[in-house]
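Subject: The two-chain model, and what turned up in it

Hi,

Here is the model I promised to pass on.

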Amino acid sequence: MTVDTAPMLTTLNASREDLEKMALSCRRNIVDMVYRAKAGHPGGSLSVIDILVALYGTQLRVSPDAGSHPDRDRLILSKGHASPAMYAVLESRGFLTETDLESYRVFGGTCQGHVDMDWTNGVDFSAGSLGMGLSFGIGCAIAARMDESDRATWVILGDGECQEGEVWEAAMAAQHHNLTKLHVIVDRNRIQNDDHIDRQMRLGDLAAKWESFGWSVLEIDGHDMGELTDALHWCKEIDRPTAIIAHTVKGKGVSFMEDDPSFHGKAPNDEEYILAMEELS
Amino acid sequence: MSSVGASRDGYGRALLRLAVDPDVVVIEADLGKSTKSCHFRSQHPERTISVGIAEQNMMLVGAGLAASGKKPFLSTFAIFTERAFEQVRNGITRPNLAVHICGSHGGIHTGTDGSSAQAIEDLAIYRTLPNMTVLHPCDDNSCEHLTLQLRTFGQSSYTRTVRNVTRRIYNEEDASNLKIGEFSTLRNGQDVGIIACGVMVEAALDAAELLQSEGIDATVVDAHTIKPLDNATLDEISHRCGCIVTAEDHNIIGGLGGAVAEALSANNPVPLERVGVLDRFGQSGETHDLMQEYGLTSNHIATAVRRAIARKEGNID
């Protein structure tokens with residue numbers, strides 16, 4: 001079922017069962033892409049995919065035929081290394097073809113190593129360098145207000161990314177400018193490139209940090225489609241910038257990748273690939 | 001009309017004139033009074049965005065606005081834009097978003113604030129970025145008219161302005177004929193081509209006067225656009241004059257002199273002498289004393305010209 005909200009732009013209203021099916025299919029595509037490229041970031045893609053599926057399945061007003069429509073909702077994947085997750089969800093929403101997915105990290109390919117707005121239909125922000133996406137989102141949200149458009153701006157941050165100072169420059173600015181249609185989702189998977197976050201640079205009480213910067217915060221299970229869709233809906237009801245801390249598991253869905261820092265940026269070998277695809281069948 | 005002006009004042013006036021376009025947005029990082037975007041703020045507060053003292057955030061806020069159809073003009077001290085260089089690189093020029101960055105207080109000329117505020121490397125670093133245009137106007141009128149052109153320019157730009165007044169080189173009408181990417185020839189001579197930018201254009205004209213009394217006939221060019229470099233005009237001057245002197249209030253490495261050296265070595269390797277800061281940081285002091293100490297006066301240019309001509313004529317060791 002679809003609800004028309006603007007010319008050519010549509011918001012899906014997928015059921016929980018459909019969302020879970022979509023997420024499983026995306027997980028298979030993520031592992032496929034990384035295995036085929038023999039490089040990439042499976043861990044953070046598998047942790048963030050349920051968030052992306054919930055957004056594209058129930059919230060985002062977009063259209064593959066109007067990738068640059070001015071009133072489309074914006075989705076900024078600031079943790080741009082989780083590009084396989086982005087490409088998988090864009091494929092499921094009709095922005096990309098299966099053939100496009102095969103171009104991940106390939107010379108001249110549509111699917112660049114990190115998400116890139118100049119290469120891929122449906123990508124709103126060229127990421128790859130951490131800490132910049134929320135600032136970009138502020139620019140988008142201010143422009144929306146100037147245009148008197150009701151489009152929303154969603155920004156997905158990694159939790160390790162919250163170690164970047166620019167994130168907090170932006171967090172401060174969002175409340176100063178009362179950007180009520182700006183929503184952050186933190187993929188709280190507790191692992192960064194080198195190791196567990198608690199060993200690299202503790203983040204402390206992340207929810208309290210966002211609250212102290214003037215945001216309304218909700219903490220949820222980032223793999224529970226019910227909690228996710230409720231939280232996304234909640235964001236739109238609040239008259240402040242909103243942040244969802246989505247507690248996730250890095251590598252979620254592939255047992256040997258789960259909570260293992262080594263799969264932050266490593267492709268599965270042949271045996272691991274077969275095992276992973278069996279688990280995701 | 002006064003005979004002096006500071007390029008930052010031209011920037012401020014240009015923003016006011018750009019306001020007729022409702023898509024023009026100004027972003028400030030607590031230095032609007034210094035960069036002169038404050039005039040736009042006072043008349044158009046609804047289109048002026050303060051990000052506080054947060055330059056990294058400022059660059060990407062600009063990028064988000066540009067990607068949403070707005071025309072952002074952001075400014076702070078030149079030196080503080082450098083703090084966010086990677087944001088400029090990855091967030092603005094890589095996706096080629098038409099964000100217009102203005103860095104004020106460029107060069108040793110800045111004066112008593114001292115070395116922490118005297119950007120001497122900005123032209124060099126921004127010149128290395130694909131999709132980036134780099135401007136350094138020499139007076140308020142030229143800065144005003146070049147800034148006006150940015151509204152429809154459609155790609156990323158960096159403009160360096162200066163804090164203190166210099167002699168006004170252009171009247172309104174002459175300034176309105178300037179074009180981004182085209183050198184402006186202020187004086188035509190046969191013996192040497194002096195290519196200068198910013199505050200050194202005034203010094204170059206003075207040097208040309210000085211040299212005239214010695215029988216040396218100099219061409220003087222205002223290189224308000226450092227990138228893209230006007231190779232056609234440079235080529236014509238280098239063939240006609242047979243030697244070149246560059247002059248900039250910037251480190252001797254990588255700025256205008258570096259750009260001209262790259263172009264000459266590829267096209268017509270005539271003798272080149274570069275006047276600039278000799279790879280050291282500045283200090284506090286009055287502008288006049290600093291320009292003397294750091295080798296940035298008309299006399300320094302004249303000395304460089306004599307050396308260039310001697311090399312051209314083979315009269316040097």
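A residue is called buried here if 20 or more other C-beta atoms lie within 10 Å of its own. Keep that cut-off in mind, and also that this is a predicted model.

With that in hand, take strand E5 of chain A. Seven of its seven residues are buried, so E5(A) is largely enclosed by the rest of the structure.

E5(A) belongs to an open sheet of five strands with parallel pairing, in the order E3-E4-E5-E7-E6 (chain A). E3 and E6 (216-221) of chain A are the edge strands; each has a single partner strand, so one side of each is left without a neighbour in the sheet. From one strand to the next, the twist averages 20 degrees. Strands of a sheet pair through backbone hydrogen bonds, either parallel or antiparallel. In the case of E4 (residues 153-158) and E5 (residues 182-188) of chain A, the two run parallel and are joined by six bridges. If you want to find the pairing on screen, look for A:Leu157, which stands opposite A:Val186, and for A:Ile156, which stands opposite A:Ile185.

Where does A:Ser78 lie? It lies in the loop between E3 and H3 of chain A. A:Ser78 has 30 C-beta neighbours inside 10 Å and therefore counts as buried. Setting aside neighbours within four places in sequence, its contacts include A:Val155, A:Ile156 and A:Leu157, along with A:Glu161. A:Ala127, A:Met132, A:Gly133 and A:Leu134 are also in contact with A:Ser78. For a sense of distance, A:Ser78 and A:Gln200 are 122 residues apart in sequence and 20 Å apart in space, C-alpha to C-alpha.

Next, helix H3 of chain A. Nine of its ten residues are buried, so H3(A) is largely enclosed by the rest of the structure. Those buried residues are A:Ser83, A:Pro84, A:Ala85, A:Met86, A:Tyr87, A:Ala88, A:Val89, A:Leu90 and A:Glu91. Their cover includes helix H1 (16-37), H2, strand E3 (74-77) and helix H4 (98-101) of chain A. Just after H3(A), A:Gly94 takes a positive phi of about 90 degrees.

The axes of H2 (residues 42-58) and H3 (residues 83-92) of chain A come within 9 Å and cross at roughly 30 degrees. Angles under 35 degrees count as roughly parallel, which means H2(A) is roughly parallel to H3(A). Their crossing is right-handed. On the H2(A) side the contact is made by A:Ser45, A:Val48, A:Ile49, A:Leu52, A:Val53 and A:Tyr56, and on the H3(A) side by A:Pro84, A:Ala85, A:Met86, A:Ala88 and A:Val89.

How do the two chains meet? 20 residues of chain A are in contact with 22 residues of chain B. On the chain A side, the elements that give two or more residues are helix H5 (133-146) and helix H6 (165-176). H5(A) gives the most, with eight residues.

Finally, chain B. How many helices and strands are there in chain B? There are 14 helices and 14 strands. Its radius of gyration is 19 Å, close to the 20 Å that the globule rule gives for 317 residues, so chain B is as compact as a globular protein of that length. The C-alpha atoms fill a box of roughly 60 × 40 × 35 Å along the principal axes, and 58% of the 317 residues count as buried.

Chain B has an open sheet of five strands too, in the order E9-E11-E10-E13-E14, with mixed pairing. E9 (184-187) and E14 (272-277) of chain B stand at its edges, each with a single partner strand, so one side of each has no neighbour in the sheet. Neighbouring strands are turned by 25 degrees against each other on average, direction ignored. E9(B) pairs with E11 (residues 218-222) of chain B in the antiparallel sense over three bridges, and B:Thr185 stands opposite B:Val221 there. Helix H11 (residues 231-241) of chain B lies across E10 (192-196), E11 and E13 (244-251), running at about 150 degrees to E10(B).

Cheers

Notes:
Residues numbered from 1 in each chain as written. Chains lettered and ligands numbered in written order. Predicted model: local features only at pLDDT ≥ 70, side-chain atom pairs only at ≥ 80, totals over all residues. Helix = DSSP H or I, 4+ residues; strand = E, 2+ residues; numbered from the N terminus. Rg over C-alpha atoms; globule rule 2.2 N^0.38 Å. Buried ≥ 20, exposed ≤ 12 C-beta atoms within 10 Å, placed from the backbone. Pairing = 2+ DSSP bridges. Axes fitted to C-alpha atoms, helices over the stretch in contact; angles between N-to-C directions. Contact = placed C-beta atoms within 7 Å. Parallel < 35°, antiparallel > 145°, perpendicular 65-115°, else oblique. Left-handed = near helix turned anticlockwise from the far one by under 90°.
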